[in-house]
Amino acid sequence: MKRNLRLVGSLLGFCMMLQACSAWAQPNEFSFGVIAGGSAKNANRSGLARAIADTDADNLAFVVANGIKSGDEACSDRLYAERKTMLDEAKNGVILSLAASDWANCKKSDGKSAAVERLSRLREVFFEDEFSLGSTRIPVVRQSSTPKFRSYSENTRWELDNILFATINLPANNNHYLAEAGRNSEFEDRLIANQDWLQRVFMFAIHKKLDGLVLFSDGNPFLSASSAGSENARSKRDGFAETRQQIARLAAKFPGKVLIVTAQKSGAPSASSRIIWRNNIGILEAGSGLAKITSDPAASRLFSVSGETVMTKNARR
């Protein structure tokens, strides 16, 4: 009899432990910040410092910084080192998503492009190991862990509560496609790397049956050359065409939600600081300043900005 009671007690304890583990494993609501000002006038030292201070005062899972400098600041090693120190001193874990103003728009003293050299330097300074910046060091996976793409350390992914997050280097200046160039070697090589990265990121999310996937980029891949303003409209080629088509194709195979957080704005008033949904793809034009995004597994759309989203008529999920 005592043996049976002990057995029943053990079974009850085991069941309670399983319930506790199950409850602990359930995804929770959390918020993360996006400092989206890489191409904005207030993305200078003081603007970035204010945004970091705001995130320090909030209870955030992590922060993504879209860019480290404004377009009128120097592309110097000294500035890069200063901003690296600034991000490292942030209280939250900080992941850097590169902006066009950080490298693609940089010029040499003779006016020629310094983009390739500056991108290489940024990789050395900001993406030196397998952790985020900031006081809370978040483990990340970089594309550079794949031997074929060992130089593309800026493309980074990490996972939290059944959501996969990833950065992808898509500068807002038409993805740095140069219309006047003979062969766009930087653009073409990075396009191949980005295609491989997107394929791996989506396949990882599908294989693990995750609820959501969030992509952070400077440029908006869903802005075509004809709708993105005069800079892209003058170009003979849409630098985002392949990326846009690939994301749409991969998202159609993913049963969860795909959120793209971009600093590039379309100019539509309704798009400002709101998520625009089409099917399972949401676009957030974070623009400049600080955006706070909440992931709530109980919400039908999974993601929200200040509790506000916009849904298109043909949204089906």
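Biologist: Are helices H5 and H7 roughly parallel or roughly antiparallel to each other?

Modeller: Start with the angle between the axes. Angles under 35 degrees count as roughly parallel, and those over 145 as roughly antiparallel. This is a predicted model. In it, the axes of H5 (residues 185-207) and H7 (residues 241-253) cross at roughly 10°. H5 and H7 are therefore roughly parallel to each other.

Biologist: How close do the axes of H5 and H7 come, and what is the hand of their crossing?

Modeller: The two axes come within 10 Å. The crossing is right-handed.

Biologist: Which residues of H5 meet which residues of H7?

Modeller: Look for heavy atoms within 4.5 Å of each other. On the H5 side, Leu191, Asn194, Gln195, Leu198, Gln199, Phe202, Met203 and Ile206 take part. On the H7 side, the partners are Glu242, Thr243, Gln246, Ile247, Leu250, Ala251 and Lys253.

Biologist: At what angle do H2 and H3 pack?

Modeller: Apply the angle test again. H2 and H3 pack at about 10°, and their axes are 10 Å apart. H2 and H3 are therefore roughly parallel to each other. The crossing of H2 past H3 is right-handed. From H2, Arg45, Leu48, Ala49 and Ile52 meet Glu82, Arg83, Met86 and Leu87 of H3.

Biologist: Why does Leu87 count as buried?

Modeller: Compare its relative accessible area with the cut-off. Buried means under 20%. Leu87 has 0%, so it is buried. It sits in helix H3.

Biologist: What does Leu87 touch beyond its sequence neighbours?

Modeller: Leave out residues up to four places away in sequence. Then Leu87 touches Ile52, Ala65, Ile68, Val94, Phe126, Leu133 and Gly134. Another way to read its place is by C-alpha distance. Leu87 and Ala49 are 38 residues apart in sequence, yet 8.8 Å apart in space, C-alpha to C-alpha.

Biologist: How many residues has the largest nonpolar core, and which have the most contacts inside it?

Modeller: Think of a core as buried nonpolar residues joined through their side chains. The largest here has 28 residues, and Leu87 and Phe126 have the most contacts inside it. Helices H2 (45-56), H3 (77-88) and H4 (115-126) each give two or more residues to this core, as do strands E2 (63-66) and E3 (94-97). H4 supplies the largest share, five residues.

Biologist: Which residues is Phe126 in contact with?

Modeller: Set aside neighbours within four places in sequence. Phe126 is then in contact with Ile68, Tyr80, Arg83, Lys84, Leu87, Leu96, Leu133 and Arg142. There is also a second, separate core of 26 residues. Phe30, Phe62, Val64 and Val214 are among its members.

Biologist: Is Ser306 buried or exposed?

Modeller: Exposed means over 50% relative accessible area. Ser306 is at 71%, so it counts as exposed. It lies in the loop between strands E12 (303-305) and E13 (309-311). Ser306 and Arg274 are 32 residues apart in sequence and 8.7 Å apart in space, C-alpha to C-alpha.

Biologist: How many helices and strands has the chain, and what share of its residues count as buried?

Modeller: The chain has seven helices and 13 strands. Of its 317 residues, 50% count as buried. It exposes about 15400 Å², with 52% of that supplied by carbon and sulfur atoms.

Biologist: What share of contacts join residues at least 24 apart?

Modeller: Count contacts between residues at least 6 apart in sequence. Of these, 71% join residues at least 24 apart.

Conventions. Residues are numbered from 1 along each chain as its sequence is written. This is a predicted model: local features need pLDDT of at least 70, side-chain atom pairs count only at pLDDT 80 or more; totals for chains, interfaces and linings use all residues. Side-chain values use heavy atoms; hydrogens and water are left out. Helices (H or I, at least four residues) and strands (E, at least two) are DSSP runs, numbered from the N terminus. Buried means under 20% relative accessible area, exposed over 50%, partly exposed in between (1.4 Å probe, protein chains only). Accessible areas come from the Shrake-Rupley method with a 1.4 Å probe; for residues, only the protein chains shown count as cover. A nonpolar core is a set of buried Ala, Val, Leu, Ile, Met, Phe, Trp, Tyr and Cys residues joined through side-chain atoms within 4.5 Å. Axes are lines fitted to C-alpha atoms, for helices over the stretch in contact, and angles run from 0 to 180 degrees between N-to-C directions. Angles under 35 degrees count as roughly parallel, over 145 as roughly antiparallel, 65 to 115 as roughly perpendicular and the rest as oblique. A crossing is left-handed if the near helix is turned anticlockwise from the far one by less than a right angle, and right-handed if clockwise.
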